[in-house]
Amino acid sequence: MKNLWRAEEASNYSGDLELRVFSSNLLGRSDELVLHGGGNTSVKSMLDGEEILYVKGSGWDLVSIKAEGFSPVKMSTLLEMAELEELSDSDMVSGQKKAMIDATAPNPSVEAILHALIPFKVVDHTHADAVVTISNSVNGEEHIAKLFPNFLIIPYIMPGFILAHEIYKMTRNFDWDACEGIILHNHGIFTFDDDAKNSYDKMIEAVSKAEDFLSENADLTFDKIEPTVFDIEKLKELIEKEKGCEIALKVNQTPLALHYASQDHLYMKATRGVLTPEHIIRTKRIPLIVNENLEEAVSNYVADYKAYFEKFARDEIMLNPAPNYAVVKNFGVVLFGKTEKESNVLNDVIEHTMMAVLRADKLGGYESISLKDSFEMEYWELEQVKLKK
Ligand SMILES: [Zn+2]
């Protein structure tokens with residue numbers, strides 16, 4: 001992939017935070033690294049004798065983040081929190097907020113403690129397509145270990161405090177200088193350095209390695225496919241009824257979408273879960289698959305969703321059980337955002353997911369996180385709080 005760092009452009013920025021903004025924007029410009037709010041970055045800096053972690057605030061996109069999008073949090077508090085045996089994610093969030101030196105700054109990323117634990121000035125974290133594609137394949141662990149021998153490789157753990165604490169435990173007596181980065185299986189990648197450019201370069205280099213591996217082992221070509229006729233108005237009507245609101249439906253019939261929707265065993269192929277855990281908040285775990293009977297497909301989806309919820313729920317509030325997108329056999333992909341913008345965001349996420357699934361299949365089969373892990377993410381207490389408000 002392309003390294004977008006230009007010395008001339010970089011020379012317009014000086015100081016830790018300004019350079020942090022610049023290289024975060026650079027990462028954000030490559031949609032094969034992060035999409036819509038995905039990924040996070042940080043820089044450690046001294047302020048009045050105290051070490052501060054400036055970490056991406058929630059609600060900001062890397063591509064457009066500005067200095068005020070970074071939350072300044074006391075490093076000492078974050079490192080103390082990492083040591084706690086137990087901490088709920090809600091308590092972690094409020095603890096992080098209390099440690100902010102500017103109360104008007106946005107909430108720090110839920111990965112702030114993890115950033116604090118990495119003893120380098122600049123930390124970059126992305127959900128790079130190529131890395132998660134390989135990770136989400138049947139022999140992913142083997143491939144990743146071979147491709148990244150000098151990385152710390154972590155099996156899937158839900159983002160938030162548990163992940164941060166696990167990394168704290170794993171790195172107590174750790175030779176960080178020999179470590180080139182971190183791979184979180186089924187989630188993403190971290191690179192770090194004391195220099196912003198070096199950390200960015202390491203990200204591009206690592207992801208390029210994964211991309212080269214995919215070009216060699218999982219190249220894709222799409223035949224030209226003519227979509228069949230499908231009653232899209234009927235689909236819209238059924239989904240709006242289930243959701244109880246109007247939707248800004250979007251149809252995707254790109255060669256990729258048509259290829260994806262024309263696969264044999266479509267249901268099995270297109271319902272194997274998300275590419276990176278946070279996508280589940282937008283897309284749900286699986287799409288509606290329409291093969292023959294549309295009405296039956298919708299009512300089965302809703303019934304299956306309720307069964308999935310009941311299987312794992314403790315005291316959570318169920319989300320609306322209607323699908324957020326559909327794969328319609330030989331027709332394409334249909335997105336069900338509430339607004340045009342939301343449908344476009346969904347479409348971007350699904351385009352990247354479809355590529356990843358097809359490529360992982362070339363590596364032997366796509367495999368995402370378990371049903372239970374999916375539920376934990378979809379019904380994360382931090383998401384539930386928003387609903388309960
Ligand atoms: Zn992440």
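Is aspartate 193 buried or exposed? In this predicted model, aspartate 193 counts as buried, at 13% relative accessibility, and it forms a salt bridge with lysine 202 in which the closest N and O atoms are 2.7 Å apart. Lysine 202, in turn, counts as partly exposed, its relative accessibility being 30%.

Side chains of opposite charge can pair when their charged atoms come close. Within helix H10, which spans residues 232-243, glutamate 237 and lysine 234 are separated by about one helical turn because they stand three residues apart, and the closest N and O atoms of their salt bridge are 3.6 Å apart. Lysine 234 is partly exposed, with a relative accessible area of 27%. A further salt bridge joins glutamate 316 to arginine 314, with 3.0 Å between the closest N and O atoms; here glutamate 316 is buried, at a relative accessible area of 13%, whereas arginine 314 is exposed, at 60%. Arg314 and Glu316 are also linked with Lys372 and Glu376 in a network of salt bridges.

The zinc ion is coordinated through the NE2 atoms of His125, His127 and His187, at 2.1 to 2.2 Å. Histidine 127 is located in the loop between strand S4 (122-126) and helix H6 (129-135), while histidine 187 is located in the loop between strand S6 (181-184) and strand S7 (188-193), so that the pair ties together parts that lie 60 residues apart in sequence. The spacing of the donor residues in sequence is H-x1-H-x59-H. Histidine 127 is buried, with a relative accessible area of 9%, and histidine 187 is likewise buried, with a value of 2%.

In helix H3, which comprises residues 75-83, the buried residues are Met75, Leu78, Met81 and Ala82. These residues lie on the same side of H3, because the arc that they cover around the axis is only 125°. The elements against which the buried residues of H3 pack include strand S1 (40-47), strand S2 (50-56) and strand S3 (70-74), and among the helical partners are H4 (89-98), H5 (112-117) and H8 (161-170).

Of the cysteines examined for accessibility, cysteine 179 is buried, with a relative accessible area of 8%, whereas cysteine 245 is partly exposed, with a relative accessible area of 25%.

Terms used
Residues are numbered from 1 along each chain as its sequence is written. This is a predicted model: local features need pLDDT of at least 70, side-chain atom pairs count only at pLDDT 80 or more; totals for chains, interfaces and linings use all residues. Side-chain values use heavy atoms; hydrogens and water are left out. Buried means under 20% relative accessible area, exposed over 50%, partly exposed in between (1.4 Å probe, protein chains only). Helices (H or I, at least four residues) and strands (E, at least two) are DSSP runs, numbered from the N terminus. The arc is that of the directions from the helix axis to the C-beta atoms. Contact means heavy atoms within 4.5 Å. Donors are N, O and S atoms within 2.8 Å of the metal (3.2 Å for Na, K and Ca); water is not among the atoms, so sites may look incomplete. A salt bridge is a side-chain nitrogen of Lys or Arg within 4 Å of a carboxyl oxygen of Asp or Glu.
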